[in-house]
Amino acid sequence: MGYVKWYGHAAFEVKIDDKIVFIDPWIKNPKSPIQNIENLPKADLIVVTHDHGDHLGEAVDIAKKSGCPIVATYELANTLQQKGVNGIGANIGGPIKAAGLIIILTPATHSSTTGVPTGVVIKGKETTIYHAGDTGIFATMELLGKMYDIEIAILPIGGHFTMGPYEAAWATKIINPKVVIPMHYQTFPVISGSPEEFEKFLKELNVPTKLVVLKPGEKYEF
Ligand SMILES: [Zn+2]
């Protein structure tokens, strides 16, 4: 059995096929229940969607502590390599195998300093998870949902820099996952979107997907 555990903001710990994967591990974010990476389980893999500080977070330190690689866009992986970690450079749409899982970086309509911003699809035997990274809505999300049979979608709802609740509800409708987990909201006042508004728009749009709202530190088990 696996799980998706939220540390607040965009930081997740996923257990899938008995592998521990951290996505955008900004563990020291203001909402996180854990402020010391020594309290995290050993990681098998880390994925960083883009190089903004609220996503790169403590990825380098966690990789060094766990001795695991970091998957990121080619340019970002090269930068991480210079910091003494094993950076696996990938690019959008190209499936790679890492830690026995299939990892596919996806497009994201956002910005970054190094490389390009991405989301990620993690495909294991147990399930398929899509973490959208920081992004606005884009039509290809529908194709990703169909192609990869996405079961769990993790979508930003905070607005301002990413989709807000309305856009995220539309994204859920076109991806059509079994479960949607909102992220990237209310870490700071400016990203004010709420799960309540998200739920309201999901209902208005007749989206059948199950909404799972986690508190930082909580996990959804699958
Ligand atoms: Zn962000």
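This report describes the sheets, helix contacts and aromatic pairs of a predicted model.

## Basis

The model is predicted, so local features need pLDDT of at least 70 and side-chain atom pairs count only at pLDDT 80 or more, while totals for chains, interfaces and linings use all residues. Residues are numbered from 1 along each chain as its sequence is written, and side-chain values use heavy atoms, with hydrogens and water left out.

Helices (H or I, at least four residues) and strands (E, at least two) are DSSP runs, numbered from the N terminus.

Two strands pair if DSSP finds at least two bridges between them.

E1 and E14 are joined by three bridges in the antiparallel sense. Within this pairing, Lys-5 has Lys-219 of E14 as its bridge partner. Axes are lines fitted to C-alpha atoms, for helices over the stretch in contact, and angles run from 0 to 180 degrees between N-to-C directions.

Strand E11 (residues 152-156) runs parallel to strand E12 (residues 179-183), and five bridges join them. Ile-152 has Val-179 in E12 as its bridge partner.

## Helix H5 and its contacts

Helix H4 (residues 140-148) and helix H5 (residues 165-175) have axes that come within 7 Å and cross at roughly 40°. The two are therefore oblique to each other; angles under 35 degrees count as roughly parallel, over 145 as roughly antiparallel, 65 to 115 as roughly perpendicular and the rest as oblique. Their crossing is right-handed (the near helix is turned clockwise from the far one by less than a right angle). Met-141, Glu-142 and Gly-145 of H4 meet Ala-171, Ile-174 and Ile-175 of H5, where contact means heavy atoms within 4.5 Å. By class, this contact has four nonpolar, one polar and one charged residues.

The axes of H5 and helix H6 (residues 195-204) come within 8 Å, crossing at roughly 45°. This crossing is right-handed. On H5, Pro-165, Tyr-166, Ala-168, Ala-169 and Thr-172 meet Glu-197, Phe-198, Phe-201 and Leu-202 on H6. Seven nonpolar, one polar and one charged residues make up the contact of H5 with H6. Ala, Val, Leu, Ile, Met, Phe, Trp, Tyr, Cys and Pro count as nonpolar, Asp, Glu, Lys and Arg as charged, and the others, Gly among them, as polar.

## Aromatic pairs

The structure holds five aromatic pairs. Rings of Phe, Tyr and Trp (its six-membered ring) pair if their centres lie within 6.5 Å; planes under 30 degrees apart count as stacked, over 60 as edge-to-face and the rest as tilted. One of the pairs is Tyr-7 with Phe-22, whose ring centres are 6.4 Å apart and whose planes are at 35°, so the pair is tilted. Tyr-7 lies in the loop between strand E1 (3-6) and strand E2 (12-16), and Phe-22 lies in strand E3 (residues 19-23), so the pair ties together parts that are 15 residues apart in sequence.
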